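Hi,

Here is the structure I promised to pass on. Have a look, and my notes follow below.

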Amino acid sequence: MILEAAKAKLAPFLVPIIGTLVVVVAGAFWWLWSDREQLLEENSTLTQAMEQAKVTNQQNLSEIARLQADIAWRDQQAVIRSERERTLNDQLAEAEAKLKELVKDAPCSGPEYVWPDAVYDRMRAGTVADPNRIREAPGASGLPGKANLAGSAQAD
């Protein structure tokens, strides 16, 4: 009886309350659904950006590896060059010391100044006056004018 009396008093309020709850739940569902669509679009955009970033990252890593290999090669070439330069400087110092030793006892001025044979040999090396110089065949110099002159001289 108390239950029936409570039902009778609450019945006019129950229908608007249930209707309001249905409208609120439907509105919340619609709002969440539209948010879901927006989030899915944003997710696909970010996924594409991440894939592009992966590709760019791989390209950058390969470029970095190539540049590091290039730097290592250049460092190696610099070491080789410095060793070669040090060797040439040592050879130059040794040759200068030998020449100074050879010229030490020679008179330093005057018309009768005589150079040691080693100095003459050093100065003549690779010149026409060098007896050990390898003579090239006519036209073998690689110069265009020389080959033509040698060929025309032989043809005459």
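From the N terminus on, the elements run α-α-α, with three helices and zero strands in the protein. Helices (H or I, at least four residues) and strands (E, at least two) are DSSP runs, numbered from the N terminus.

Before the details: this is a predicted model, where local features need pLDDT of at least 70 and side-chain atom pairs count only at pLDDT 80 or more, while totals for chains, interfaces and linings use all residues. Residues are numbered from 1 along each chain as its sequence is written, and side-chain values use heavy atoms, with hydrogens and water left out.

Of the 156 residues, 5% are buried (under 20% relative accessible area; exposed is over 50%, partly exposed in between; 1.4 Å probe, protein chains only). Carbon and sulfur atoms hold 63% of the accessible surface of about 14000 Å² (Shrake-Rupley method, 1.4 Å probe; for residues, only the protein chains shown count as cover).

Now the aromatics. There is one aromatic pair (ring centres of Phe, Tyr or Trp, the last by its six-membered ring, within 6.5 Å; planes under 30 degrees apart are stacked, over 60 edge-to-face, the rest tilted). F29 and W33 are stacked because their ring centres are 6.0 Å apart and their planes at 25°. They are four residues apart in helix α1, so about one helical turn separates them. F29 counts as exposed at 55% relative accessibility, and W33 as partly exposed at 46%. The charged end of R36 also sits over the W33 ring, 4.8 Å from its centre (CZ of Arg or NZ of Lys within 6 Å of the ring centre and within 35 degrees of the ring normal).

Cheers
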